[in-house]
Amino acid sequence: MSHQGLILGCIADDFTGATDLAAMLVAHGMATVQVIGVPQGPLPQADAVVVALKSRTAPVQQAVAESLTACEALLGAGARQIFFKYCSTFDSTDEGNIGPVADALMRRLQSGFAIACPAFPANGRSIFQGHLFVGDRLLNESGMENHPLTPMRDANLVRVLSRQTDGGVGLVPFAAVDAGEAAIRREFHRLRDSGRRYAITDAVTDEHLLAIGAACAEHALITGGSGIAMGLPENFRAQGLLPERDDADELPEARGSMAVIAGSCSRATLGQIGLARDHVPVLELDALATPDASALAALARDWVRDRLSTERPVVIAASAPPDKVRALQDKLGREAAGALVEEALSRIATDLVAQGVGQLVIAGGETSGAVVQRLGITSLRIGPQIDPGVPWTYAEPAGLHLALKSGNFGARDFFLKAFQP
Ligand SMILES: Nc1ncnc2c1ncn2[C@@H]1O[C@H](COP(=O)(O)OP(=O)(O)OP(=O)(O)O)[C@@H](O)[C@H]1O
Ligand SMILES: O=C(O)[C@@H](O)C(=O)CO
């Protein structure tokens, strides 16, 4: 791959979200590398770099400070536009962190105005008249109203973002978005002239996202989900910055045994485990019966011994339905329960890699964070997508193929199809 230097610098507020964004950029022709945590030292060579932070639910000041440090590193490496990636369900509290981080980046970039667009139609997230839908449900009736850390009880994103910033928030409504780039640009001018700092942009289809992306070509800061990134590579090609690439998603050949580690307890992940049970060996860990990380890891080590294969995966899951999760949380406390399971799963991942696993799917954002950190991975080169938002990646320096699956992403047969050639 010939190289021209960094074009797009991205800051993501969690690990699976970072991979989701990186996959979108690669699918649209940008060679992309995901860096784990606040960058230390020089950034890798790529058209786009996505810095993966764990800042979604961090204290506001920490989220702002880490995002600004990441922004500085990206600008220092030559980034011409900064993208702040948050969840397609706008996961945040009334204190933030979306508003405060966006405000800080905007001040640093002296841009004065930015869009806020979490729409991702391929995964059922659309925005109409400022209201975010998940499938056919309003955000606050989609199950997200019960999220343990960031319950989303208001689907009106103009109101939600207004509570997180002292900058005015306006709306680019459906009619303007549907009319295309010129109409969207007129709305941006109208909002900016009326003193608004942010524009929530309606978007129901990929065509809408492409038109909004084109209208943002000159914006120093873009904020949103991965969907809105689909229009950006074309802007850079039009400016002569990005060559045509047909090798953006090339990875070294995958080798070694296959495994899945699941810590997500989302409905989607539980369904994926359920289907896998009929086809491949599945170990379901019972953290309530064995509330000890090293004992759980030992159980998994024994179970896996004669089961590893280069032909089909084994699945090791701590995932459980809400009543069982609640039982463990009641026994240990919410944080300690999560930490115990994350510790067990990251030990198991280390054992699996030591036993020759070279292709590993991890389900869940927090779980992915714990495993990736335990494996000492510093960057991920992004390959082809298995399902929207979930690509295979190549982890360095471990030399391992990894797929980090957002809890809610992926078809029901995800754990099988991920390993099909
Ligand atoms: N049986 C269990 N009981 C209690 N907690 C569990 C259990 N299994 C997993 N957990 C914890 O639940 C949390 C799941 O969060 P994680 O971010 O991994 O998944 P998710 O929220 O579905 O994914 P995403 O953040 O990508 O949407 C982790 O902290 C994990 O350790
Ligand atoms: O945008 C999404 O929904 C995901 O990339 C995500 O951020 C999950 O944590």
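1. **Ground rules.** Residues are numbered from 1 along each chain as its sequence is written, while chains are lettered from A and ligands numbered from 1 in the order in which they are written. Since the model is predicted, local features need pLDDT of at least 70 and side-chain atom pairs count only at pLDDT 80 or more, whereas totals for chains, interfaces and linings use all residues; side-chain values use heavy atoms, with hydrogens and water left out.

2. Helices (H or I, at least four residues) and strands (E, at least two) are DSSP runs, numbered from the N terminus.

3. **How enclosed is helix 1?** Here "buried" means under 20% relative accessible area, "exposed" over 50%, and "partly exposed" in between (1.4 Å probe, protein chains only). Twelve of the 13 residues of helix 1 are buried, so the helix is largely enclosed by the rest of the structure. Among them are Phe15, Asp20, Met24 and Val26.

4. **Who surrounds ligand 2?** A residue is near a molecule or strand if one of its heavy atoms lies within 4 Å of it. Around ligand 2 stand Asp14, Thr16, Gly17, Asp20, Arg56, Lys85, Tyr86, Cys87, Ser88, Ser406 and Phe409. Helix 1 supplies the largest share of this shell, with three residues. By type, the shell divides into three nonpolar, four polar and four charged residues. In this count Ala, Val, Leu, Ile, Met, Phe, Trp, Tyr, Cys and Pro are nonpolar, Asp, Glu, Lys and Arg are charged, and the others, Gly among them, are polar.

5. **Polar contacts of ligand 2.** A polar contact is a pair of N or O atoms within 3.5 Å; within protein, one must be able to donate a hydrogen and the other to accept it, and residues adjacent in sequence count only if both atoms are side-chain atoms. The side chain of Asp14 places an N or O atom 2.8 Å from an oxygen atom of ligand 2. For Asp20, a polar side-chain atom lies 2.6 Å from a ligand 2 oxygen atom, and for Arg56 the distance is 2.7 Å. Taken alone, ligand 2 exposes 270 Å², and the protein buries 92% of that. Accessible areas come from the Shrake-Rupley method with a 1.4 Å probe; for residues, only the protein chains shown count as cover.

6. **Ligand 1.** There are 18 residues around ligand 1, and Ser264, Glu342, Glu366, Thr367 and Gly407 come nearest. Helix 11 (322-332), helix 12 (334-354) and helix 13 (365-374) each give at least two residues to the shell, which divides into six nonpolar, ten polar and two charged residues. An N or O atom in the side chain of Ser264 is 2.7 Å from an oxygen atom of ligand 1. Backbone atoms take part too: a polar one of Gly365 at 3.0 Å and an N or O atom of Gly407 at 2.9 Å from a ligand 1 oxygen atom. Taken alone, ligand 1 exposes 640 Å², of which the protein buries 82%.

7. **Ser319.** This residue lies in the loop between strand 14 (314-317) and helix 11. Is Ser319 buried or exposed? Its relative accessible area is 7%, so Ser319 is buried. The side chain of Ser319 reaches the backbone oxygen of Ala262 at 3.3 Å, and a polar atom of that side chain lies 2.7 Å from the backbone oxygen of Ser264.

8. **Helix 7 and Thr201.** Seven of the ten residues of helix 7 (residues 206-215) are buried, so this helix is largely enclosed by the rest of the structure. Its buried residues pack against several elements, including strand 5 (114-117) and strand 10 (196-201); contact means heavy atoms within 4.5 Å. Thr201 sits in strand 10 and is buried, with a relative accessible area of 0%. Leaving out residues up to four places away in sequence, Thr201 touches Ile115, Ala116, Cys117, Ile127, Val172, Phe188 and Ile212.
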